[in-house]
Amino acid sequence: EVMWADPASEAAALLQRTDYAQPALFALQVALWRLWQSWGVQPEVVLGHSIGEIAAAYVAGVMDLADACRLVATRGKLMHALPESGRMVALEAGVSDISAAIEQLSVDDRVSIAGINTQAQVVASGDMDAIDKLVAHFTSKGRQSKVLKTSRAFHSHHLDDNILASLRTVAESIVFKTQSLPIVSTVTGKLAEPGQLSNADYWVQQARSPVLFAEGIKTLANQGTNCFVELGPGSTLCGMGASCLDEYSQANEKT
């Protein structure tokens, strides 16, 4: 009733809330995987971006569906309960530039790098006023920025005192299984070692750490992956992934 509601209805508006959006994304991703599976298409390796990594872990056999649903639902509820004093922004800048700006502006205790989508697009997350300073800094240099549609600062220090302990409690109750499919960890950007995702510590760290999507795509390219399918409501990751592959190709040409 929320996912398929009339777009103008109050029910549909709930999808803008992370406690509904995260379970909805998970449900759609798993359903699309089941559809491709019914066509005889099987992935050789999986990669998930933030909440998508739980769907990827389920597909890879790390946990069963009931536990994955419980983890997703809890994660969404806890993140929705965060103080509405956070902000996230995608910046046209590399990690080194953003790290230098954070230090220059003296906001290193109030802003975190939340995700590296490409080498030239990084998401910062943290206190509203500190993020605004960061945006102003890069705008003055002619760099583009896009403030994300959220009043909460995911993958930042805002999680430290508010949700990580509760998330750990739920993650510790999961009965983890033997991984049956290779999966790239966006905590490390590398192929996950056997058992790496099968513990509560990993999923607490995964919620707090930056999403190393660009590094994950590089890992896949290095092992010869040449066909990528995005299972979700849009094509955002396809665009970012293509940019990552271009960056990878250009780097290889230089070497």
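Tutor: Let us start within the sheet. Leu91 has Val122 of β4 as its bridge partner. This is a predicted model, in which local features need pLDDT of at least 70, side-chain atom pairs count only at pLDDT 80 or more, and totals for chains, interfaces and linings use all residues. Residues are numbered from 1 along each chain as its sequence is written, and side-chain values use heavy atoms, with hydrogens and water left out.

Student: How many bridges join β2 to β4?

Tutor: In general, strands of a sheet pair through backbone hydrogen bonds, either parallel or antiparallel. Two strands pair if DSSP finds at least two bridges between them; strands are DSSP runs (E, at least two residues), as helices are (H or I, at least four), numbered from the N terminus. Here β2 (residues 86-91) and β4 (residues 121-127) run antiparallel and are joined by six bridges.

Student: What is the order of the strands in the open sheet?

Tutor: The order of its four strands is β3-β4-β2-β5, with antiparallel pairing. Because β3 (111-118) and β5 (145-147) at the edges each have a single partner strand, one side of each lacks a neighbour in the sheet. From one strand to the next, the twist averages 20°.

Student: Is helix α3 mostly covered or uncovered?

Tutor: Buried means under 20% relative accessible area, exposed over 50%, and partly exposed in between (1.4 Å probe, protein chains only). Helix α3 (residues 52-59) is mostly covered, with eight of its eight residues buried; among them are Glu53 and Tyr58. Just after α3, Gly61 takes a positive phi of about 85°.

Methods. Axes are lines fitted to C-alpha atoms, for helices over the stretch in contact, and angles run from 0 to 180 degrees between N-to-C directions.
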